[in-house]
Amino acid sequence: IRPNSSKSRPVPWPIIETFQLYFLISRFLTTGPCRRAAEVLIDELEEYQLLPGRLDWLGNEHPRTYEDVVAANRHIAPDHLLQICKQLGPVLDKEVPSCVPGVHSLLGCGKQSMLRSAKGTVFIAICLFVCLFFAHL
């Protein structure tokens, strides 16, 4: 979902809220060689109000800055997304073994794809990602 021209947060969000993925990507980028990309992403997260707001005691939502969200999620390290990705291969191999055991790549295709399944659908991989993602929160 693309934000509208008034720069307000679009609704409804999917089950794994898009801001969570954007947030994890921005955290990852902040410690690597692509720090300018992180700065641009963070600026756009704030500009388009893609970060979750905070609720006041009356239940009114107020925008938060990126730093506010980082502070509220101190348990999320900059390499959190990388750690999730590293766990996907071994978990998927238990359900749908790859043709080369122990070889994992996010860029694989066919029987090496992280989206493979026994029935040729992406459902199992998506479920595994959802389970791993929420297990870390």
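These legends accompany close-up views of one predicted model.

Figure 1. The model is predicted. Its secondary structure comes to five helices and two strands. The elements run α-α-β-β-α-α-α from the N terminus. Of the 137 residues in the chain, 31% count as buried. Among contacts with a separation of 6 or more, 50% join residues 24 or more positions apart.

**Figure 2. Confidence along the chain, with a view of residues 1-6.** Mean pLDDT for the chain is 81. A value of 70 or more is reached by 75% of the residues. Over residues 1-6, pLDDT stays under 50. For this stretch the model has six contacts beyond four places in sequence.

**Figure 3. The aromatic pair of Phe23 and Tyr66.** The chain has one aromatic pair by the rule used here. Phe23 and Tyr66 form this pair, with 5.7 Å from centre to centre. The planes make an angle of 50°, and the pair is classed as tilted. Phe23 sits in helix α1 (residues 18-29), while Tyr66 belongs to helix α3 (residues 66-72). The two residues are 43 apart in sequence, so their pairing ties together separate parts of the chain. Both partners are buried: Phe23 has 6% relative accessibility, and Tyr66 has 3%.

**Figure 4. The surroundings of Tyr66.** Leaving aside residues up to four places away in sequence, Tyr66 touches Phe23, Ser26, Arg27, Thr30, Ile42, Leu45, Glu46 and Leu51. Tyr66 counts as buried because its relative accessible area of 3% falls under the 20% cut-off. The C-alpha atoms of Asp43 and Tyr66 are separated by 8.5 Å. Along the chain, Asp43 and Tyr66 are 23 residues apart. Asp43 is partly exposed, at 47% relative accessibility.

**Figure 5. The largest nonpolar core.** This core has 17 residues. Those touching the most other members are Phe23, Leu24, Leu45, Leu51 and Tyr66. Four elements, α1, α2, α3 and α4, each give two or more residues to the core. Helix α2 gives the most, with four residues. Phe23 and Tyr66, listed here, also make up the tilted aromatic pair. In soluble globular proteins, nonpolar side chains tend to be buried together.

**Figure 6. Helix α4 and its buried residues.** Helix α4 has 16 residues. From its first C-alpha to its last it reaches 23 Å, close to the 22 Å expected at 1.5 Å a residue. The buried residues in α4 are His80, Leu81, Ile84, Cys85, Leu88, Gly89, Leu92 and Asp93. An α-helix has 3.6 residues a turn, so residues three or four places apart point the same way.

Figure 7. Arg116 lies in the loop between α4 (80-95) and α5 (123-135). Arg116 is buried, with a relative accessible area of 8%. Its side chain reaches the backbone oxygen of Val96 at 2.9 Å. A polar atom of the Arg116 side chain also lies 3.5 Å from the backbone oxygen of Lys111.

Definitions and conventions
Residues are numbered from 1 along each chain as its sequence is written. This is a predicted model: local features need pLDDT of at least 70, side-chain atom pairs count only at pLDDT 80 or more; totals for chains, interfaces and linings use all residues. Side-chain values use heavy atoms; hydrogens and water are left out. Buried means under 20% relative accessible area, exposed over 50%, partly exposed in between (1.4 Å probe, protein chains only). A polar contact is a pair of N or O atoms within 3.5 Å; within protein, one must be able to donate a hydrogen and the other to accept it, and residues adjacent in sequence count only if both atoms are side-chain atoms. pLDDT is the predictor's confidence in each residue, from 0 to 100. Contact means heavy atoms within 4.5 Å. The expected span of a helix is 1.5 Å times one less than its number of residues. Rings of Phe, Tyr and Trp (its six-membered ring) pair if their centres lie within 6.5 Å; planes under 30 degrees apart count as stacked, over 60 as edge-to-face and the rest as tilted. A nonpolar core is a set of buried Ala, Val, Leu, Ile, Met, Phe, Trp, Tyr and Cys residues joined through side-chain atoms within 4.5 Å.
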